[in-house]
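I opened my notebook to look up a few things in this model.

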Amino acid sequence: MGTGRARVAASILDADFSNLGAAIRRCEKAGADRIHLDVMDGHFVPNLTFGATTIKSLRRVTRLPLDAHLMISEPGRFIHEFIDAGCDSITFHVEVEEPVVPTLRAIREAGRAAGLSLRPATPLSALEPYAPLLDIVMVMTVEPGFGGQEFMKDVAREKLLPARDLLKHKPVGGEVHVDGGINRETAEYTGAQGVDVLVVGSALWIKGHDMGREIRLIKALADEGFQYGLNAGVPPIPRDQWVSFARLPKAYAKRFTDEIEAGGIPVLMLRGNGQINPDGIRDYEVMVPASAEALTADRHADTRERYLAAAEAWRESQRQPGS
Ligand code: DX5
Ligand code: ZN
């Protein structure tokens, strides 16, 4: 876990496409929290990039979460390919001319985070009917299709804070993403609008710039924006004041969470960077406040061993013989 509140999803759209694996490893070394993958079909947007086959290969290169951003006309037709490719979250556009509910459901049923994105001209109200099915709201602050365009501040002002209301059903784990024109000039403003994940493309690939420094700067500026713009001067609680007590498949993590919370210790159950299980769903982090770590260990270390063993037995039983 990094420090602070804001997270950076590195977009590889402006990287050297002859070696995307190296580009992703570079983002990982530089401290990116996620990889943002822009899929374009030359139809929904006037540009073409890559599809699920490429993502499947990239999956092997990094353990970082992969956020797919589908700018394609028929997400429903390809959704299972993107799920099988190992995306951790899949976001597509509400403007597509096909029903979005079945696609959102397919993503969620596969245990991945589901998101809707919207073009700058589309009102946020277009997402309201689907709010209960959303884990991610991705606000585009440029016209989708290309990196390196100018940030649309009016769109950010109008949509970013209200986007949070669409995620009311998720007190923990719901995310507002901002995509388009994010750099050291615009990070503070979006942080002050409460954004959780900043998608950063071209700003990371400027020749001669240190990518790690760029990412640290953008996160720090976003957190500063949050502190002074939205949080009455109070610094955000760094996520690393929460420590991971166990990494378990979702069902086990849920049960363990309930047991720990029954004793009055608050628990955050978060989709982490943990191992990907045979069912394609990553382990969840069972997180407790650092101040309660010792107490949690006192009470629950034995149970943790039992859960970890049960999870491993389950993984074994799920593995296909011979694979
Ligand atoms: C644009 C893509 C963005 C793009 C952002 O359609 O969705 O993810 O990579 O690039 P910058 O950060 O340069 O605006
Ligand atoms: Zn994008």
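I looked up the polar contacts of ligand 1 (a pair of N or O atoms within 3.5 Å; within protein, one must be able to donate a hydrogen and the other to accept it, and residues adjacent in sequence count only if both atoms are side-chain atoms). An oxygen atom of ligand 1 is 2.7 Å from a polar backbone atom of Gly148. For a polar backbone atom of Gly181, I also read 2.7 Å to an oxygen atom of the ligand. The side chain of His69 has an N or O atom 3.2 Å from a ligand oxygen.

Taken alone, ligand 1 exposes 380 Å², and the protein buries 99% of that. These areas come from the Shrake-Rupley method with a 1.4 Å probe; for residues, only the protein chains shown count as cover.

I noted the ground rules. The model is predicted: local features need pLDDT of at least 70 and side-chain atom pairs pLDDT 80 or more, while totals for chains, interfaces and linings use all residues. Residues are numbered from 1 along each chain as its sequence is written, chains are lettered from A and ligands numbered from 1 in the order written, and side-chain values use heavy atoms, without hydrogens and water.

Next came the shell. I found 20 residues around ligand 1, and Asp179 and Ser202 are among the closest (near means a heavy atom within 4 Å). Strand β2 gives the largest share, three residues.

Then I checked the aromatic pairs. Rings of Phe, Tyr and Trp (its six-membered ring) pair if their centres lie within 6.5 Å; planes under 30 degrees apart are stacked, over 60 edge-to-face, the rest tilted. The structure holds four pairs. Phe245 and Phe256 have ring centres 6.0 Å apart and planes at 40 degrees, so they are tilted. Phe245 sits in strand β9 and Phe256 in helix α8, 11 residues apart. Are they buried or exposed? Phe245 is buried at 5% relative accessible area, and Phe256 is buried at 0%. Buried means under 20%, exposed over 50%, partly exposed in between (1.4 Å probe, protein chains only).

Last, I looked at Ala232. Its phi is positive, about 55 degrees, although it is not a glycine. Most residues other than glycine have a negative phi. Ala232 lies in the loop between α7 and β9, and is exposed at 77%.

How values were computed:
Helices (H or I, at least four residues) and strands (E, at least two) are DSSP runs, numbered from the N terminus.
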